[in-house]
Amino acid sequence: MAREKRREELYVTVPSLFRCPISMDVMKSPVSLCTGVTYDRSSIEKWLALGHKTCPATMQTLPSTNTTPNLTLRRLIHLWLSHADGAQTSPPSCISKQQAAEIINGEFNSDSLAKVIGFITASEHNLKFVALSDYSISRFVDFFAKSNEIRICEQIVEILDLISFEIGVRERLNKLILKSGDGRDCLSSFSLVLQKGKTESKVKSAKILKLIAVNPESQRKIAEKPGLLYDLYNLSTVETDTSAVEAGLSALLTISTTRPVKKELIRFGIVRTVGKILSSYDHSPPVRGVIEKALAILETVATCTEGRGAISEDGECVVEIVKRLMKCSGVATEHGITVLWSVCCLARDRAAQEKVAMVNGLTKVLLVMQSDCTANTKQMCGELVKVLRAKSTKSNLAPYETRTTHITPY
């Protein structure tokens, strides 16, 4: 009898409404397009990032690509998961607006913050009640800056993540989190979560940091906070969780706008890390965003001499870039071509040229050149073809000169 009960528990039917129409997995962060169809946030963002202007399910042309969190569905999924996992404790019952206001005005603790989270996720109306209140956001940020309890910090990160996509919240979070000089207090709390929090909390922290990096000044403050850049880099090395890797790389891409920051990433080993990502991940749609971000970060560091040198020295990374051409997405391919152009044409590194030639890079570049890529990418492909053809027919490239000064991919 016990065996039969256990067998029934192993076969859990997932309601079709809870599955993303793209990935067919249970949605973690359901969002709706203007067509009314709901998708998992990561899946629809990847679809839109490929340049699609249609709704995947209906193929209707999208007048707007903005997404709206479907909090009702998210709450239902959370409740279903709790039941499916056999949780012994029920989620806290939803509190009223008055009770929520009393909690926000009082002293925070883990229990009261859990009630606020339950209140926010209960309805779109409740979310707006909190998100549109400058005082509420200020209270959460202030307490976050002062707290050194990891559980409290994780809960506030979850609250900030829930309200972050409401209109005007991004700007208010930027102002509040970075307001005290160099933003040291709040950024220290983000470091705490990135170092000691659960993976889900780390991912949300990286997303918030990316969200508030709205201008060069905020990007500089985040990048120059001692230890924070390395914490984000560490997140990109979590090989067992693609969402963590993608969140880490996305945040790094946003704040890596100056040469000192790029040099720090190179010192950490970002080129080697990306090489591992490119060699270990497949070509399936769920990891497409990770590959695109990985190649984009290589393109970013390749804008400085140190970055081009590090990429050229890592022969395996160069080989993996070539292998990814025309295999993942148009976005990934264009990033890859720019990196190869940087080391083979701009830096004229012979070792990199030889590695590309050894893995049939010339054929791959020709295929890209004939595809529906941008004019700038076609120019870079043309330069690469000249270099690689010369490499295959001459052992000495010294007499060869190529015009590259007119190409400005950055």
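A salt bridge is a side-chain nitrogen of Lys or Arg within 4 Å of a carboxyl oxygen of Asp or Glu, and the legends below describe such contacts in a predicted model.

**View 1. The salt bridge between R259 and E306.** The closest N and O atoms of R259 and E306 are 2.7 Å apart, and the two residues form a salt bridge. Because R259 lies in helix α15 (residues 259-268) and E306 in helix α18 (residues 305-313), the pair ties together parts that are 47 residues apart in sequence. R259 is partly exposed, at a relative accessible area of 45%, and E306 is also partly exposed, with a value of 29%.

**View 2. R267 and E264 within helix α15**. A salt bridge joins R267 to E264, with 2.9 Å between the closest N and O atoms. Both residues belong to helix α15, where they sit 3 residues apart, about one turn of the helix. R267 is exposed, with a relative accessible area of 58%, whereas E264 is partly exposed, at 30%.

**View 3. The salt bridge between R172 and D134.** The side chains of R172 and D134 meet in a salt bridge with an N to O distance of 2.7 Å. This pair links distant parts of the chain, since R172 is found in helix α9 (residues 169-177) and D134 in helix α7 (residues 134-146), 38 residues apart. R172 has a relative accessible area of 18% and is therefore buried, the cut-off for that class being under 20%.

**View 4. A network of salt bridges.** E217, R220 and E224 are linked to one another in a network of salt bridges. In total, the count for the model comes to 9 salt bridges.

Methods: Residues numbered from 1 in each chain as written. Predicted model: local features only at pLDDT ≥ 70, side-chain atom pairs only at ≥ 80, totals over all residues. Heavy atoms only, no water. Helix = DSSP H or I, 4+ residues; strand = E, 2+ residues; numbered from the N terminus. Buried < 20%, exposed > 50% of the residue type's maximum accessible area, 1.4 Å probe, protein only.
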